[in-house]
Amino acid sequence: MVKASANSNVLVLILAVGVFGILNTEMGVVGIVPEVARTYGVSVADASLLVSGFALVVAIAAPIMPLLFSKMNRKAVMLLTLGIFTICNGAAAFAPSFEAMLTLRVVPAAFHPLYTSMALAIASQMGTPEASAKASSRVFVGVSAGMVLGAPVSSALASVFSLFASMMFFALVTLVVFIATLFLVPSMPVRDPLSYGKQLAILKKPLLWASLISVVVLNGAMFGFYGFLADYLEAGLLLVPAAVSAMLLAYGGANIVGNLAAGKLLANTPVKTARFIPLALLAAFGVLFATASLAIAGCVLLVIIGILAGIANNVNQFLVATAAPEAPDFANGLYLTAANLGVTLFTPVLGALISQGGALFSVSGVLVLLACAFFLIAWRQCLNKTT
């Protein structure tokens, strides 16, 4: 367990920025897909493989890599992962072909869940329950910032400068964190490491499976909708492009506020927070559906939803981490797989609803998923009382 101190605050800051760099590498490419297509003479659909291929590798590697490296010194794991991201991002800036760039995306993607699950595991062991909840929420600020700020920043760099500048930005962020880790993070050997058998034994726990299924559905609802948010703002609320960009940034900022609020909520009232969050999201999306294309009301509600989604991100990780605290690295790897699986499964469903009924109709699918998430979390909490 890591004691709460000034040094632990520095560690949490480094982890948060490190997670930002890793998520920025994953999601920042969303903002430069058209530029990649133009530069390498491929279709936009092919260029989008830089995003979908990365996510697929993450989903596959998430339960494997944290398990394999669970006995290795945590500082060494951090340096290894950040070094691979820095080298691959830097090399991708000079990639002579699209195939080369795609290859340079696959390699770091395998190490994405290793760093992220380790960061969450370290935060969850940060002293008292209150301190660990706050530390986890701060690490999630890095997750949210990487997911919602990476795309507009990379897009702006590509527009003003070049694709090369965008790729070098990815490399620069992870290089800065690598240097900070090298000089400011002490050696962190794993004391009393669990055998692989004991870690795999958590797969026998019904509470863990209930938690993972809850994460699949709740994360699928949130990020399935987020994947079509720009389309919703443009086609549903009829906002002009400048207003769409502003709302995407507002949603991202609200998400970060939600992450910070989650630290206190999960420290003080974890059970109530986990039970409340799907209901609160259900109510907000219900009003959003009822107000249809009212732009001002829709924008206000989306800011509220952004805050609630930030809290829900932390709730998802909390559900899995507390279901298997004896194997935090492996459990967080499973959490990342469940989170990515939810997006993979339900984004096409919401896309089909949009095709059938328009942008506003996607909210109906989100409402169904949130209702299911509420009952799944309630079921999970019932299991927790009996185990």
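## Nonpolar cores

A nonpolar core is a set of buried Ala, Val, Leu, Ile, Met, Phe, Trp, Tyr and Cys residues joined through side-chain atoms within 4.5 Å; buried means under 20% relative accessible area, exposed over 50% and partly exposed in between, with a 1.4 Å probe and protein chains only. The model is predicted, so local features need pLDDT of at least 70 and side-chain atom pairs count only at pLDDT 80 or more, while totals for chains, interfaces and linings use all residues. Residues are numbered from 1 along each chain as its sequence is written, and side-chain values use heavy atoms, leaving out hydrogens and water.

The largest nonpolar core has 102 residues, and those with the most contacts inside it include Phe 225, Phe 285, Leu 288 and Leu 302. Helix H11 (residues 206-226) gives the most to this core, with 13 residues; helices are DSSP runs of H or I with at least four residues, numbered from the N terminus. A second, separate core of 18 residues includes Tyr 40 and Met 101.

## Helices H14 and H15

The axes of H14 (residues 270-291) and H15 (residues 295-323) come within 9 Å and cross at roughly 155°. Axes are lines fitted to C-alpha atoms over the stretch in contact, with angles from 0 to 180 degrees between N-to-C directions. The two helices are therefore roughly antiparallel, a term for angles over 145 degrees.

## Cysteines

A disulfide is a pair of cysteine sulfur atoms within 2.5 Å, and the count comes to zero. The sulfur of Cys 382 is 16 Å from the closest cysteine sulfur, in Cys 372, too far for a bond.

Key: Angles under 35 degrees count as roughly parallel, over 145 as roughly antiparallel, 65 to 115 as roughly perpendicular and the rest as oblique.
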